[in-house]
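Me: I am new to this structure and would like to learn how to read it, one feature at a time. Could you take me through it slowly, giving the general idea before the particular case?

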Amino acid sequence: FPLPRKMDTSSSTEPSSSSSSATLPSPPSSSSSSSSSYDYHLRRAPVDDEGFVQSFLPSQPELLSRFFDEYGFVVVRGVLNNEQCDATVNEIWHTLEKLPCFDAPNINRNDEATWGDNVWPQIRKFGILGGGEPAIGPCAWNNRQNENIYNVFRTVLKSEKLRVSFDRYGIMRPTIAHPEWKTLLDWIHWDISPWTYGSSTIGWKKKKVEQDDGGDSAVDNNIVKPDGAARVHDRSIRKVQGLVALMDTREQDGGFHTVPGFSNYFWDWSERNKDTEHARKFASRKFVTVPPRDDPERSSTMMWDNLQPIPMRAGSLLVWDSRQPHGNYPNNSERFRMCQYIKMITEDEIYDENIDREYPYEVMLPNGFAVNDIGRNVFRSAPEE
């Protein structure tokens with residue numbers, strides 16, 4: 001099975017007038033109509049002649065920021081070079097091949113017969129490698145402290161005081177010969193609450209606070225005790241997520257999809273749907289699935305109808321606004337899809353969520369790993385009060 005990658009490091013030109021000069025129409029007043037007549041204006045992100053979504057270079061902060069504000073995401077190419085992508089793919093295979101398999105042969109990158117569900121790691125139906133365990137190989141750590149990646153997040157978040165998530169790899173197996181390996185089809189969600197704006201970040205935990213009896217406990221930061229009223233977090237804090245494509249990811253290879261520009265309508269949708277059964281069900285959660293297609297309140301029809309796949313080249317970083325409904329759609333090709341999830345958060349979000357690292361990075365690093373200046377900044381725990 002080929003693992004293709006085609007790097008494009010040529011200078012980007014200004015987006016065409018048809019894609020860059022248009023602006024999103026102002027969302028309607030939240031009191032003007034019901035959720036069933038939600039007025040989302042369709043946006044389609046431009047793609048190039050090879051079918052990849054329009055991308056930018058790390059050295060084009062104004063262009064990538066403009067695109068991000070309009071579409072709710074941006075693809076920045078060339079953050080990793082070919083060698084870095086190849087090394088990271090090799091690290092993923094090395095991780096898979098080390099997994100113990102008690103009743104079957106171990107996974108072998110050169111033997112399709114060893115890629116079955118009986119040995120493939122859990123969460124395979126979501127296109128995520130492993131359970132809650134982070135990727136901890138040298139390449140994963142180097143990618144987290146990569147200068148290009150840091151600079152893109154710094155541009156989008158408008159802050160230098162950032163922390164990186166210790167997140168996981170994403171992988172989809174080729175499914176032309178094995179349709180049973182397909183991931184879930186109808187799975188889009190938010191990693192924040194549309195009603196409280198509370199967010200979740202892999203590898204972070206709630207801080208403990210002192211109680212009146214002298215003890216301490218971890219506090220659910222979506223709930224204000226003692227009355228249990230929902231707490232609304234600071235809406236002025238920009239929250240984003242990201243991933244790096246480790247090989248060319250064509251539309252048929254599966255991967256990320258989203259509703260372009262929905263972040264500009266997020267608060268309006270939240271207000272219109274705050275009294276729905278779905279809102280009551282997810283009132284205090286920080287992982288919220290989008291209502292299903294057959295939702296009787298029809299609050300999600302426009303999202304399901306306007307999902308767009310985001311194909312991207314190897315070595316490209318995708319950053320999306322956490323207000324974007326998003327998810328993975330299945331592979332339908334003869335190729336693998338591999339990526340690394342990388343998310344950065346600001347100190348403002350750390351304070352607002354009252355969170356800290358589950359573990360200090362020093363205990364997770366591979367032996368002899370060299371932390372650079374960026375790593376010393378983004379690997380740190382929560383800032384001191």
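Predicted model: local features only at pLDDT ≥ 70, side-chain atom pairs only at ≥ 80, totals over all residues.

Me: Which other strand pairs with β11, and in which sense?

Reply: β11 also pairs with β17, again in the antiparallel sense, and here there are 3 bridges. In this second pairing Ala245 stands opposite Cys339 in β17.

Me: What is the order of the strands in the sheet?

Reply: The sheet is open and has 6 strands, which follow the order β1-β2-β15-β11-β17-β4 with mixed pairing. β1 (55-56) and β4 (169-172) stand at the edges with a single partner strand each, so one side of each has no neighbour in the sheet. The partner β17 (residues 337-341) runs antiparallel to β4 and is joined to it by 4 bridges, with Met172 opposite Arg337.

Me: How should I read a nonpolar core, and which residues have the most contacts inside the largest one?

Reply: The general idea is that, in soluble globular proteins, nonpolar side chains tend to be buried together. In this structure the largest nonpolar core has 70 residues, and those with the most contacts inside it are Phe73 and Phe153. Helix α5 (residues 147-157) gives the most to this core, with 6 residues. Leaving out residues up to four places away in sequence, Phe153 touches several others, among them Leu162, Val240, Gly242, Leu317 and Ile342. There is also a second, separate core of 19 residues, which includes Ile188, Ile192, Val259 and Phe282.

Me: How do I read a helix, and which residues of α2 are buried?

Reply: An α-helix has 3.6 residues a turn, so residues three or four places apart point the same way. In helix α2 (residues 61-71), the buried residues are Leu63, Leu64, Ser65, Phe67, Phe68, Glu70 and Tyr71. After α2 comes Gly72, whose phi is positive, near 80 degrees.

Me: Which residues other than glycine have a positive phi here?

Reply: As a general rule, most residues other than glycine have a negative phi. Tyr197, although it is not a glycine, has a positive phi of about 65 degrees, and it is found in the loop between β5 (189-190) and β6 (204-206). Its relative accessible area is 2%, and therefore Tyr197 is buried. Asn354 is another such residue, with a positive phi near 55 degrees, and it lies in the loop between α9 (347-353) and β19 (355-357).

Me: Why does Thr346 count as buried, and which residues is it in contact with?

Reply: Thr346, which is found in strand β18 (residues 344-346), counts as buried because its relative accessibility is 7%, and the cut-off for buried is under 20%. Leaving aside neighbours within four places in sequence, Thr346 is in contact with Leu157, Ser159, Lys161, Leu162 and Ile237.

Me: How many helices and strands does the chain have, and what share of its residues is buried?

Reply: The chain has 10 helices and 19 strands, and buried residues make up 56% of its 385 residues.

How values were computed: Residues numbered from 1 in each chain as written. Heavy atoms only, no water. Core = buried A, V, L, I, M, F, W, Y, C linked by side-chain atoms within 4.5 Å. Buried < 20%, exposed > 50% of the residue type's maximum accessible area, 1.4 Å probe, protein only. Helix = DSSP H or I, 4+ residues; strand = E, 2+ residues; numbered from the N terminus. Contact = heavy atoms within 4.5 Å. Pairing = 2+ DSSP bridges.
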